[in-house]
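This report is written for a reader meeting the structure for the first time. Please look over the sequence and the model before reading on.

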Amino acid sequence: MPDASDSRIIGGAIESLLLYGVESSLILPPDIAFVRNELLDATRLPAPEPDAPGGMSAPDALGILSDYAASTGLCADSPASRERFITKLMGLMTPSPEAFRRRFESIEREDGILEACGWFGRICEANGYINAQAVSRNVRYYAPSPYGALEITINVAKPEKDPRDIAALASAPERLDYPACLLCVENEGYAGRAGYTARQTLRTLPLTLDGDPWRFQYSPYQYFAEHCIALDEIHRPMRIDASTFRKLFDFLDRFPHYVIGSNADLPIVGGSVLNHNHFQGGRHTFPMEKAEVSARFTHPMAPRVDARTLNWPMSAVRLASSDRGALAMLAEHIRIAWSNYSDPALDILARTGSTPHNTVTPIARGGGAGYSLDLVLRNNRATDEHPLGLFHPHAALHHVKKENIGLIEVMGLFILPGRLLKELDGLRAALTDGIGFRAHEPGDPLAKHDEWIETLVQRYGSRMPRDAAEQALRAELARKCVSVLEDAGVFKLDGQGRAGFQRFLRAAGFERA
């Protein structure tokens, strides 16, 4: 990379960024002079460099500018601080929120919502809000299961924390409550701080869902195609109620090509963000959508709504109808019935004292001509035997998945942590090195997998060809994911569980079709 101390090189980096901005539609040609001045101010340069050499790639130009910033004190010399500086520069090149909204709505009117969403996504990649290169490094594969193919991903798009950034976080003010959380609308344009990602490149679109002001944006990590987030403009906790279903259908009326759902609104069975009401969706067919129907039902309250149960480990009722009003009404009826339902024989208790345990994870598809809505029944009760949750991955699975089973995993897409890639290398070595099982010292990242490794070596031996070992590990990891879903299901797919599910449906007024 060229020397960042050469002012001509710095000027060339700025000119290269401007050219990239025009080519990627971030900048309109009439705005070049304005954006150039913004970049000069951000880099504390008094004027453009005459005859500055351009032609650099955007990553090279940004690398030179971040080196320059670190060497001159414009940012600290740490990965997170450099990233905040780069985000600042790219934010200056991104259309303002209002200009962005006008452009999106213009494309939507002229070419349709698919084209508008495609443009939105391309802008998010062009300005670096979505790091497409990092996302492409994620491991993704499908694996067979008794319930159909599961989708397994190992996410490496989220960067590891650097020790210098950890130190900066330790010296930061103890409490900063602006923005209140990572989903608040105040994140749009926020410069970030130690421990809090810069969001100058974030752009959102206003939505009205069931009469309330919400926003639409894309996820920077793109766990699946066009992974998007709809969020309440007001910072208030997750809540599933009758309005939730109407909001989901309103969303689908504008974005009928997406699936959209909400995490549950109780700890353990909810997602990682419970303090801000939001949905997640995208342009993806999840394994659960293809699950086989196990039984059909009708309800006298809504005879035009088709109800089904599924051959899926997470207990779910799938509703379908062209009448969204009837669909929302029946969904709310099920939610209320489930919130008050107990079956002690199956360890299902609606409450402990005044603490509620039952809720639902709703997932909606369709729009216009017809809608479907999956209501996944959840219970967050913890016991002495299972202190993290009775209907949660049990302790034997925590070496692979300990976190909450949220909306995305419920639908059969597993997002496993990036540290698992390196750990799987260790498991692969145990199957191929010819030595056999050896227990690891406490503190070794592989120690938590020792029981699993020993089982695998007994099953497959220790002299497998590398490719065969890789395929075996993928299949075994998928089996762990199946067990995770089975642990989280409230009505197990055995005789007792199926009978229990039937009892609940009868109690809710359903009849076999």
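The coordinates come from a predicted model, and every value in the text was computed from it.

**Helix 3**

Helix 3 covers residues 58-72, which makes 15 residues, and it reaches 21 Å from its first C-alpha to its last, close to the 21 Å expected at 1.5 Å a residue. At the start of this helix, a side-chain oxygen of Ser-57 comes to within 3.2 Å of the backbone nitrogen of Asp-60, while the residue that follows the helix, Gly-73, has a positive phi near 85 degrees. The buried residues of helix 3 include Ala-58, Ala-61, Leu-62, Ile-64, Leu-65 and Tyr-68, and among the elements that cover the buried residues of the helix are helix 1 (7-23) and helix 4 (79-93).

Gly-282 lies in strand 7, which runs over residues 278-282. Is Gly-282 buried or exposed? Gly-282 has a relative accessible area of 0%, and because buried means under 20%, Gly-282 counts as buried. Leaving aside neighbours within four places in sequence, Gly-282 is in contact with several residues, among them Phe-224, His-227, Cys-228, His-257 and Tyr-258. Gly-282 and Glu-441, by contrast, are 159 residues apart in sequence and 43 Å apart in space, C-alpha to C-alpha.

Asp-450 belongs to helix 13, residues 450-460. Asp-450 is buried yet has no salt bridge, and the nearest side chain of opposite charge, that of Arg-438, is 9.1 Å away. Beyond the neighbours within four places in sequence, Asp-450 is in contact with Phe-437, Arg-438, Ala-439 and His-440.

| Pair | Distance |
|---|---|
| Ser-57 side-chain oxygen and Asp-60 backbone nitrogen | within 3.2 Å |
| Asp-450 and Arg-438 side chains | 9.1 Å |
| Gly-282 and Glu-441, C-alpha to C-alpha | 43 Å |

**The nonpolar cores**

The largest nonpolar core has 92 residues, of which Phe-216, Phe-251, Leu-319, Phe-491 and Phe-504 touch the most other members. Phe-491, leaving aside its neighbours within four places in sequence, is in contact with residues including Trp-338, Tyr-341, Leu-346, Ile-348, Leu-377 and Phe-504. A second, separate core of 51 residues includes Ala-291, Val-376, Val-410 and Leu-427.

Technical notes:
Residues numbered from 1 in each chain as written. Predicted model: local features only at pLDDT ≥ 70, side-chain atom pairs only at ≥ 80, totals over all residues. Heavy atoms only, no water. Helix = DSSP H or I, 4+ residues; strand = E, 2+ residues; numbered from the N terminus. Buried < 20%, exposed > 50% of the residue type's maximum accessible area, 1.4 Å probe, protein only. Contact = heavy atoms within 4.5 Å. Lys, Arg positive; Asp, Glu negative; His and termini not counted. Salt bridge = Lys/Arg side-chain N within 4 Å of Asp/Glu carboxyl O. Core = buried A, V, L, I, M, F, W, Y, C linked by side-chain atoms within 4.5 Å. Expected span 1.5 Å × (residues − 1). Polar contact = N/O pair within 3.5 Å; in protein donor to acceptor, adjacent residues only side chain to side chain.
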